Amino acid sequence: MAVVATRRSYATSGFMDPIEENLANWGSSLMEKIPVGGLLSRNAVAYKWKSTFRAWMVRELAFWREHDLMVQSYALHQQGHGLGARILLRSGFETFAMLTYLNLLMQRVLDGQLDFHKFGEKTSRLLLGARDNEEMPNPIHILDLLRDCDKRYPGLMKVYDGLSETAHPNYEGMMSGYSKTDHDEYETTFSNRWVELHGDRHVDKMMLCMETFHHEYNDVWPALMEKLEKWIEENDEMLEATKNNPPAI
C-alpha cells in the first residue's frame, strides 16, 4: 500500500446532499494503515526520528475521528437531536484544532522558531497525552490548541465558545435550551428548543469545520511534511549531535 494515498475532490455532484457526499468521500479515503517500511523507503533519514512518524499518526487519527464525529453529528441533526449534534460538532472543531496545531508546529520548526527535539516532545503529547495515566505524557490543553489556531483562523474561538455554551449546564445549556419565558403573562414554558434555536445554522457550521479540516489535511500538511523531510536531511548531523542536549527554543 502506498504511504500517501490520492485524495479525491469533495466537490458535490448535485445528486447527493453536500454533507453526505463529503462524508461518503471521506469514509472511502480513510487510510487503513501506515507501513513503517514504506515511510523508511520514502525517506530513511527523516523517519529514523519518531516525531515524523507521530506526525503521520496524528494526521490520520484526526481524520478518522473527524469523520466519525461529523457522521454522528449530522445523523443527530437530521433526527432533530440538536443538543447532541452541537456537542459532537464542538468535538469536531477540537479535532480540527489539533491537526492545525500540528501543522503550525511543523512550520515553526522550518522557520527556526521551534527546536526539532522540542517538536518531538510536543508530538508525543499530542499523540499520547493522557490525564488519567501517569505513564503517559501530559496532554496539551485543548484551549491552548484552539487559541493558537484562532490566530490562523480568526473567529474560531468565537464559534467554539458558542458550542461550548451549549455543552455546559449554564444559561445556554439549561434555561435557553429548554424553556421560554413570557414576561407579559409571567409564565415559563418548557420544551426542547435546540433545533428551533440552532438548527438552521448547524449545517453551515459543519461545512465550515469540514472544509477547513480538509484544507489542513489535504493541502497544508503534505506540503509541510515534504519540506520537513528535506530539512531533516539537510540538518541530520546537527540533530544527531543535539538529540541528548536540545536547545532551549
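## Cavity, pocket and hairpin

The largest cavity has a volume of about 60 Å³ in this predicted model. The structure holds one cavity of 30 Å³ or more. Its lining consists of His77, Gly80, His81, Gly82, Ala85, Arg86, Trp194, Val195, His198, Gly199 and His202. Helices α4 and α9 (194-234) each contribute at least two of the lining residues, and α9 gives the most, with five. By class, three residues of this lining are nonpolar, seven are polar and one is charged.

At least two lining residues come from each of α3 (50-78), α4 (82-110), α5 (116-128) and α6 (142-152). The largest share, four residues, is supplied by α3.

The table sets out the two spaces.

| Space | Volume | Lining by class |
|---|---|---|
| Largest cavity | about 60 Å³ | three nonpolar, seven polar, one charged |

The strands form a separate topic. Strand β1 (residues 179-182) runs antiparallel to strand β2 (residues 187-190), and four bridges join the two. Thr181 stands opposite Thr188 in β2. Four residues lie between the strands in the hairpin of β1 and β2, where Tyr186 takes a positive phi near 55 degrees.

Definitions and conventions. Residues are numbered from 1 along each chain as its sequence is written. This is a predicted model: local features need pLDDT of at least 70, side-chain atom pairs count only at pLDDT 80 or more; totals for chains, interfaces and linings use all residues. Side-chain values use heavy atoms; hydrogens and water are left out. Two strands pair if DSSP finds at least two bridges between them. On a 1 Å grid over the protein atoms alone, a cavity is a set of points where a 1.4 Å probe fits but cannot get out, and a pocket is an open set with protein on both sides within 12 Å along at least five of seven lines; lining residues have an atom within 4 Å of a point. Grid points are joined across faces, edges and corners, and a volume is the space filled by probe spheres set on the points. Ala, Val, Leu, Ile, Met, Phe, Trp, Tyr, Cys and Pro count as nonpolar, Asp, Glu, Lys and Arg as charged, and the others, Gly among them, as polar.
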